[in-house]
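Welcome! Here is a short tour for someone meeting this structure for the first time.

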Amino acid sequence: MLKETNLRMTRQRRVILEELRKMDGHPTADKIYAVVRKRLPKISLGTVYRNLEVLSVLGEIQKLELSGSQKRFDCISDFHYHIRCTCCDRVDDAPMGPLKDFENRINGETSFKVLGHRIEFVGLCPDCRENPTSPGLKKFIPPNHLHVEK
Ligand SMILES: [Zn+2]
Ligand SMILES: [Zn+2]
């Protein structure tokens, strides 16, 4: 992959970055593609996707792999937590700084060397709270640690 991608800032990458910075929230590659192709009509979804991967390797953006959701891209590259609506998949930044000694707490407690951690808050966004009958609620998949009535 690295040979093909050539880790430089190309015009395509610059356009993708500019558009991502203008977009709200944490869009998927599909959404970014829809916007970027207005400026670069010949670009393909695959190319947008590859460029997003490279931008995240370059540290310009962050790739988010949240549970049960398509990959999202974040123009804020600094480490931060997210909160995801389990109903419509909206993703917002969580207003909380990184838990620094969190990793130290389990370092040495397992045979693993801890390299990092992921925390994802889940909940219902304001729109989904207001509309409990919204069709999105049908695909609500509760996380394991929540009690589920069968
Ligand atoms: Zn929602
Ligand atoms: Zn974010």
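What follows looks at one helix and then at a group of paired strands.

The model is predicted, so local features need pLDDT of at least 70 and side-chain atom pairs count only at pLDDT 80 or more, while totals for chains, interfaces and linings use all residues. Residues are numbered from 1 along each chain as its sequence is written, and chains are lettered from A and ligands numbered from 1 in the order in which they are written.

**The helix**

Helices (H or I, at least four residues) and strands (E, at least two) are DSSP runs, numbered from the N terminus. The end C-alpha atoms of helix α2 (residues 11-22) are 17 Å apart, which agrees with the 16 Å that its twelve residues should span at 1.5 Å a residue; the expected span is 1.5 Å times one less than the number of residues.

A residue counts as buried if 20 or more other C-beta atoms, placed from the backbone, lie within 10 Å of its own, as exposed if 12 or fewer do, and as partly exposed in between. In α2, Arg13, Ile16, Leu17, Glu19 and Leu20 are buried. Seen down the axis of α2, these buried residues fall within an arc of 170 degrees, so they line one face of the helix; the arc is that of the directions from the helix axis to the C-beta atoms. Arg11, Arg21 and Lys22, on the other side of α2, are exposed.

**The strands**

Two strands pair if DSSP finds at least two bridges between them.

| Pair | Sense | Bridges |
|---|---|---|
| β3 (residues 82-85) and β4 (residues 91-93) | antiparallel | three bridges |
| β3 and β5 (residues 120-123) | parallel | four bridges |

His82 has Asp93 in β4 as its bridge partner, and Arg84 has Val122 in β5. Five residues lie between β3 and β4, which form a hairpin, and Asp89 in the turn has a positive phi of about 70 degrees.
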